[in-house]
Amino acid sequence: MTPGQAHDLGLTPRALTKQEIQGLTVLGNALVPGAGDAGLGLYIDAQLVAPAGDSMLMVRYLGVNPPFDDFYRKALASLDAWSIQKFAKSLAELYPESAAQLVRALMKGEIEDWSGPPQGFFFFVIRNDACDVKYGTKEGFDHLGVPYMAHIEPPTPWGNP
Amino acid sequence: MKLEERADVIVVGSGATGSHMAARLAEAGKEVLILEAGPERNLSSLVSSPIWSRRLKWSGPPVEESGDHPVGQVFNSGYGVGGSAMHHFAVWPRFHENDFTVHSDEGLGLDWPISYDDLRPWYDKVQAECGISGDARGEVWRPAGDDYPMAPVPVFAQGAAIAEGFHQLDMQTSALPLAVTSSPYKGRTACIWDGWCDAGCPIGALANPLTIHLPIAIAAGASLRANATVRRMLVKNGRATAVEVVDTNDPSMVRTVHADVVVLAAFTVQNARILLASASDEHPYGLGNRHDQVGRYLMTHVAAPVFGLFEQKTTPHLGATGGQLLNQQHYDDKQAFRDQGAFGSYQWMIAQAMKPTDLLGIAPSRADLFGQALEEFMQRSAKHFGMMTGVIEDLPLVENRVMLSELKDQFGMPLAHCAHSASAETRALFDAAINEGRRVFEAAGAVEVWSGGPGPMHIMGGTIMGDNEKTSVTNSFGQVHGIPNLVICGPSLFPTSGGVNPTFTAHALTARSADKLLNAN
């Protein structure tokens, strides 16, 4: 479900703020073209309110124990603060060129005043989240020309948003 | 609320070895109760999705991890009916003769209390029951054993592309032995090689517990109870008498289930944790732990991934997640790379079916790319990608161990803490394998070649078998020293890891233990 579709249905974020969702949309599009528009923010929001056993986030098997809210929220807050300091705009308002610059800095661990998980690790996780949303669904397979060939189709791309 | 129950046999865990043991004992007329800590699962819940499939992974009480090569409990374990085997890739090679005599032969590692010849008939029985597709004669490194009951997995374009590299270097490849049906087998349908093994195979082609042993156990009268967490085992006068079970969803519901035999098959980390958490006046350091051996020699294979892009199309989405081909060229010489400081055996699992995402998918192989460069890489890789993975033997170290944490779960049971670091010899073997793998891809004509870092794969040890109670936890049948009716199953029994996937060997040991239990009674 895209942010636009969620808006049309009147869905609201449950674990994250609207500002954080929008920040994830900008960040997602910079990490993987189209991942933000495909619903990266809503994906993470939906997983954060799911019971731990039902979580589909990759971070669950990367040595981080649930709940994962702080993992994402602290990192987003650091990115937002750096964005304001560097570009005088919040993460949610960044132009694509600035967002790409921010991602490069994150990958290199150059975001100042960082709090949350190690920057390189957060980059790895959030990049893979973006890949999940863009390439890990049936639509994503189609985008890459990979036959999906499901035995049992997932009822939704990533659970119940 | 407290309740009392009774069964002939309690099996703790419904994974590969728990369900196998339950099937054998129920068939023999025993009243068997299987207790599974996680949720109910059935074949229809195995959704084909790299995202949804993460629900199969461990989500029980958190496990603390430390050391420079953590075992990766959540990634390498399952939770719920069927256990870890629900997401296993069904690569079923045998251990080799020299895996059982590592210390005697080499002065490093440990020995098993049994030889390959002791286990061979059980390998043969298990492969006949579960079905393996392969080419025994083509697998020139394979120890003696019956031919496989099914023809090998087909070789798709990715397999052919990588095999060319091995052949250019005068190295052989054979079919990868897979517990996956290449043709209809005992009422099971044939695999269609669509690469969804990791998401759990709902069509019965892959030998997982829901397809093979749980139906046998249930049909023979065994009871299976999900959401039943065993927090303590009770032992009196050297005999296991009962287990204390908590409803996973309602910790106020506690049952004591009495039994003649208790089988502990909760997978490596939880096996050790439950023994340690069952300390009593009679066993103040935990069960089987009079000599401080429970939890020790924790092992995990080191995964050595090599990647490449080929000019030709490789159809990387086709095949099985475990791969198409095998190479065990250096397996029988654990000193093959001693000049580089390495020790141990390894194998190559070649041409794994790839999905675009997830930890073992295409995207994470180039974690340095983002933006348009990543999109271009993904578009190209979807059609031209190749991969193989080395399975690197982990030298057993006494200091690598499962311990109890100071923290407790919601049932009042201490969490597990796993400390694991890789030895210098194991790390050097990883480096040697990666160097070889890259040479293979270059010889195959790959236009780009790269490799990944060491990752944990499979979890073994912690309740190892042996002849001496001062240096092991159980005898060769998995019976805990001093508590013969408490029987451990699974790869936690392995004194050494070998360089091959553990599930087939865990099954063979279970079949042997079941036979011992039935003959003793």
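**A tour of chains B and A**

Select chain B: 10 helices and 18 strands. Helices (H or I, at least four residues) and strands (E, at least two) are DSSP runs, numbered from the N terminus. The radius of gyration of chain B, over C-alpha atoms, is 22 Å, close to the 24 Å of the globule rule for 521 residues, so the chain is as compact as a globular protein of that length. That rule is 2.2 Å times the number of residues to the power 0.38.

This is a predicted model: local features need pLDDT of at least 70, side-chain atom pairs count only at pLDDT 80 or more, and totals for chains, interfaces and linings use all residues. Residues are numbered from 1 along each chain as its sequence is written, while chains are lettered from A and ligands numbered from 1 in the order in which they are written.

Next, show the contact: 39 residues from chain B and 35 residues from chain A. Two residues are in contact if their C-beta atoms, placed from the backbone, lie within 7 Å. On the chain B side, H8(B) gives the most, with eight residues.

Now go to B:Asp358, in the loop between strand S11 (346–350) and H8 of chain B. Its phi is positive, about 85°, although it is not a glycine. Is B:Asp358 buried or exposed? B:Asp358 is buried, with 24 other C-beta atoms within 10 Å. Buried takes 20 or more such atoms, exposed 12 or fewer, and partly exposed lies in between; C-beta atoms are placed from the backbone.

Finish at A:Pro67: the peptide bond from A:Pro66 to A:Pro67 is cis, with omega near 0°.
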